[in-house]
Amino acid sequence: DCYVASCNLVIELDGYQHGETENLLKDRQRDTYLADHGLTVLRYSNHQIKTNFRDVCEDISLMIEERLSLKKG
């Protein structure tokens, strides 16, 4: 998991346990809390990372670029 302070971005890398009902609810509550404080949360499953690493990296890069351009004006 990672926090990119320059663009208020949180990147979550989720293992299988995040698919369990209790953890899904906790993740949603945490995401809402973070969003209420101006942070954007990106979540990727371990499966996505293992099978589509390039796409995950591209998605993160695009979000960083978008968030930084919004800060500039």
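**Close-up A. Arg43 meets Asp27 in a salt bridge.** In this predicted model, where local features need pLDDT of at least 70, side-chain atom pairs count only at pLDDT 80 or more, while totals for chains, interfaces and linings use all residues. The side chains of Arg43 and Asp27 come to 3.5 Å, N to O; a salt bridge here is a side-chain nitrogen of Lys or Arg within 4 Å of a carboxyl oxygen of Asp or Glu. The pair links distant parts of the chain, with Arg43 in strand β3 (residues 40-45) and Asp27 in helix α1, 16 residues apart. Helices (H or I, at least four residues) and strands (E, at least two) are DSSP runs, numbered from the N terminus. Asp27 is buried at 11% relative accessible area, whereas Arg43 is partly exposed at 25%. Buried means under 20% relative accessible area, exposed over 50% and partly exposed in between (1.4 Å probe, protein chains only).

**Close-up B. Asp31 also pairs with Arg43.** Their closest N and O atoms are 3.0 Å apart. Asp31 sits in helix α1 and Arg43 in strand β3, so this bridge ties together parts 12 residues apart in sequence. Shared partners join Asp27, Asp31 and Arg43 into one network.

**Close-up C. Arg30 forms a salt bridge with Glu12.** Here the closest N and O atoms are 2.4 Å apart. Arg30 belongs to helix α1 (residues 21-36) and Glu12 to strand β2 (residues 9-14), so the pair connects parts 18 residues apart in sequence. Glu12 is buried at 5% relative accessibility, and Arg30 is partly exposed at 39%.

**Notes for all views.** The model has three salt bridges by this rule. Residues are numbered from 1 along each chain as its sequence is written, and side-chain values use heavy atoms, leaving out hydrogens and water.
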